[in-house]
Amino acid sequence: TFLPRAEARSMQLFGAVTSASDAFDIDTNTYFGGRPIFRGAAAIVPLLHSFGTLLNDLNMFRGENWSILLQLLSKYYEQCEGLFRETVRSPENQMYTSVKWSENAEMKQVFDKRLRQRNELSQRTYQADLEKEIRQEEILKTERSLNPYELIFDVKRLVCIAQLHQTLEWMLIQLNKISTDRTKVLSSHDGATAIALLKRHEADKSRVVSRYTALSVQCLMVLRIEVHAHCIHYLDLATREGNYNLQTEAVEPDPYIQSLNADISTIEDKMEGCLPSEKLNTVFGGISVLMAHILMTNTRHIRQFNDAGSRKMIRNILALQQNLTNIALPEESGLDKARRFYEMYELGADGVLKYIAEHGVAFTFEEYRRLIGFIYMGRGQTGDPGSGGRAANLTEAKLNDEYEVHIRRLRELFSQSQAGLPAPPGPGLGKAPSSARSVTTPIKVQH
């Protein structure tokens, strides 16, 4: 009669703790990785340890009693999952974009690899995985812009997700401690009964661990994707709606760049109080590469551009770099690439090709093609479908021909670079047309 009473008492205490109104408030007396966890978890774990010890001491060969402990763990998981689902659903009862993307198989694959091999990836592999992640996000986003209602701007929700992740990770450690004690007891006895109970225990434990792990990983993944989504949202606005046809020099970055910097700083500040440094790196690592990619590929969305606009874009990039330096993130040089990209704009198409011939390849072929297309952009100056302009009549044929000559020259330079040979002399284009050189008149895109 003692054990049934102990079971009933444990269930009663568990119910009282987990149903309390402050169960998902933080416990300032219990920390994991230097960060607090939920009060409910801190209260039930001593109960689970005590009950597990009791079962090991009194009734080690009754598997049904031990399964009650795993049932309690499963009940707590269900409450955590409920909290997660409630947190990631908008006031309009829609799931936020970061949650939808976190359930994509390709995104899961890349993120799982990052977690498993966090300290083992070479720089080249890390970069390749980051580029794969960015490409997949582009596929999921399609050509549209992300709307504000698709993103989590309520930082309290992000804090809750981060604290839930920390709590789940702590619970996994406690679960493994309790399980290890049980395994030691069963392994110390011979016989078919002990072996059968051990196998059953491992199977039951594995199911519970899998559920906790999956939710914990999704929490961290949602936080990372949410940061990416905020970058995509603001940088899309900065390129689609920003003014880069300027008659005077810009003295400030674009307002959307300033908003992004403030947003990222706020999120990072709150996350620093919830997650240890290695988890912060997981959430924020690589965003400079993402930012650079967006700023370079979004040239197709910029409607008007001139030299002063190019310098404003460089100012945007420097502001983003400075902000990332000010927050507690590992040093990254991803935005240097975007800055070089826009600096080369003022060289003109001939200048870009001359620079490649003299200094070697610094971008991919497609990135150089995009840059040359951007230089030619406007007034129907190119037939290149990716550059944002298209020849509208026969008077533009000459400029299209010159664009094609530049692209053929670019291919030659890449072929020489891949073969390890010195670059051949250029085709002698002569003076570049005003559209293909640094100009002060605006370049207008016809859509």
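Is Phe305 buried or exposed, and what is its relative accessible area? Phe305 is buried, with a relative accessible area of 0%. Here buried means under 20% relative accessible area and exposed over 50%, with partly exposed in between (1.4 Å probe, protein chains only).

1. Basis of the note. This is a predicted model, in which local features need pLDDT of at least 70 and side-chain atom pairs count only at pLDDT 80 or more, while totals for chains, interfaces and linings use all residues. Residues are numbered from 1 along each chain as its sequence is written, and side-chain values use heavy atoms, with hydrogens and water left out.

2. Length of helix H5. Helices (H or I, at least four residues) and strands (E, at least two) are DSSP runs, numbered from the N terminus. The expected span of a helix is 1.5 Å times one less than its number of residues. For the twelve residues of H5 (residues 105-116) this gives 16 Å, and the end C-alpha atoms are 16 Å apart, which agrees.

3. Faces of helix H5. Met107, Val110, Phe111 and Arg114 are buried in H5. Seen down the helix axis, the buried residues fall within an arc of 95°, so they line one face of H5; the arc is that of the directions from the helix axis to the C-beta atoms. Ala105 and Arg116, on the other side of H5, are exposed.

4. Neighbours of helix H5. The buried residues of H5 pack against helices H4 (97-102), H6 (123-141), H8 (192-240) and H10 (277-284), where contact means heavy atoms within 4.5 Å.

5. Aromatic pairs. Rings of Phe, Tyr and Trp (its six-membered ring) pair if their centres lie within 6.5 Å; planes under 30 degrees apart count as stacked, over 60 as edge-to-face and the rest as tilted. The whole structure has 16 aromatic pairs. One of them is the tilted pair of Phe305 and Tyr342, with 6.2 Å from centre to centre and 40° between the planes. Phe305 is in strand S3 (residues 304-305) and Tyr342 in helix H13 (residues 334-345), 37 residues apart, so this pair links distant parts of the chain. Tyr342 is buried, with a relative accessible area of 0%.

6. A second pair. The ring centres of Tyr345 and Phe374 are 5.6 Å apart and the planes are at 50°, so this pair is tilted. Tyr345 lies in helix H13 and Phe374 in helix H15 (residues 365-376), so the pair ties together parts 29 residues apart in sequence. Tyr345 is buried, with a relative accessible area of 2%, and Phe374 is buried, also at 2%.
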